[in-house]
Amino acid sequence: MTQQDSSPSNLRSPGWQREYEASIHEDEPKKLLERIHLAEAAIFNRLQELAQNADNPQSKAERNAIADALSVLRILKRDKLQFPDWEIQ
């Protein structure tokens with residue numbers, strides 16, 4: 001499986017992906033924060049579902065895509081909403 005195969009847009013989990021895609025295309029800061037919160041909630045719910053099928057290889061690929069999506073959401077918060085970068089060492 002390539003990196004591209006596990007990207008957020010290549011998986012079939014429309015719930016969290018729809019919210020994630022909406023957040024990365026939002027330009028208005030107030031709406032962006034709301035969309036990020038919705039995406040994070042949808043991702044959290046999906047992770048709860050995936051925990052039930054932890055041995056499924058497709059679940060692993062989706063968890064990797066979710067990790068990538070969460071990184072992008074963190075960058076959006078830092079760069080567009082001026083959140084502090086909590087990964088600075």
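User: OK, so helices here are DSSP runs of H or I with at least four residues, numbered from the N terminus. With that in mind, where does Glu 28 lie?
Analyst: Good place to start! Glu 28 sits in the loop between α1 and α2. One thing to keep in mind as we go: this is a predicted model.

User: Is Glu 28 buried, exposed or partly exposed?
Analyst: Glu 28 is partly exposed, because its relative accessible area is 40%. The cut-offs are under 20% for buried and over 50% for exposed, so 40% lands in between.

User: Let's zoom out. How many helices and strands are there?
Analyst: The protein chain has three helices and zero strands. Following the sequence, you read the pattern α-α-α.

User: How much of the chain is buried?
Analyst: Of the 89 residues in the protein chain, 30% are buried.

User: What about a core? Which residues have the most contacts inside the largest nonpolar one?
Analyst: Those are Trp 16, Ile 36, Ile 43 and Leu 73, in a core of 14 residues. The elements that each give two or more residues to this core are α1 (14-24), α2 (29-50) and α3 (57-81). In soluble globular proteins, nonpolar side chains tend to be buried together.

User: Tell me about α2. How many residues does α2 have, and how far does it reach?
Analyst: Helix α2 has 22 residues, and from its first C-alpha to its last it reaches 31 Å. That is close to the 32 Å expected at 1.5 Å a residue.

User: Which residues of α2 are buried?
Analyst: They are Leu 32, Ile 36, Ala 39, Ala 42, Ile 43 and Leu 50. These residues are on the same side of α2, because they cover an arc of only 130 degrees around the axis.

User: Which exposed residues are on the face turned away from that buried side?
Analyst: Lys 30 and Glu 34 are the exposed residues carried by that face of α2.

User: I also spotted His 37. Where is that one found?
Analyst: His 37 is in helix α2 too. With a relative accessible area of 43%, His 37 is partly exposed. In space, His 37 is 9.4 Å from Leu 73, C-alpha to C-alpha, while the two are 36 residues apart in sequence.

User: What is Ser 23 in contact with, leaving aside neighbours within four places in sequence?
Analyst: Its contacts are Leu 32, Arg 35, Ile 36, Ala 39, Leu 73 and Leu 76.

User: And Leu 81, where does that lie?
Analyst: Leu 81 lies in helix α3 and counts as buried, with a relative accessibility of 17%. Leaving aside neighbours within four places in sequence, Leu 81 is in contact with Pro 29, Leu 32, Leu 33, Ile 36 and Leu 76. Take Leu 32: it is 49 residues from Leu 81 in sequence, yet the pair is 8.2 Å apart in space, C-alpha to C-alpha.

User: What about Gln 82, where is its place?
Analyst: Gln 82 belongs to the segment after α3. Its phi is near 65 degrees, which is a positive value in a residue other than glycine. Gln 82 counts as exposed, at 63% relative accessibility.

User: Last topic! What pLDDT does the chain average?
Analyst: The average is 85, and 81% of the residues score at least 70.

User: Where does pLDDT stay under 50?
Analyst: That happens over residues 1-6, for which the model has 10 contacts beyond four places in sequence. Where pLDDT is low, the predicted coordinates should not be read in detail.

Note on methods:
Residues numbered from 1 in each chain as written. Predicted model: local features only at pLDDT ≥ 70, side-chain atom pairs only at ≥ 80, totals over all residues. Heavy atoms only, no water. Core = buried A, V, L, I, M, F, W, Y, C linked by side-chain atoms within 4.5 Å. Buried < 20%, exposed > 50% of the residue type's maximum accessible area, 1.4 Å probe, protein only. Expected span 1.5 Å × (residues − 1). Arc of directions from axis to C-beta. pLDDT = per-residue confidence, 0-100. Contact = heavy atoms within 4.5 Å.
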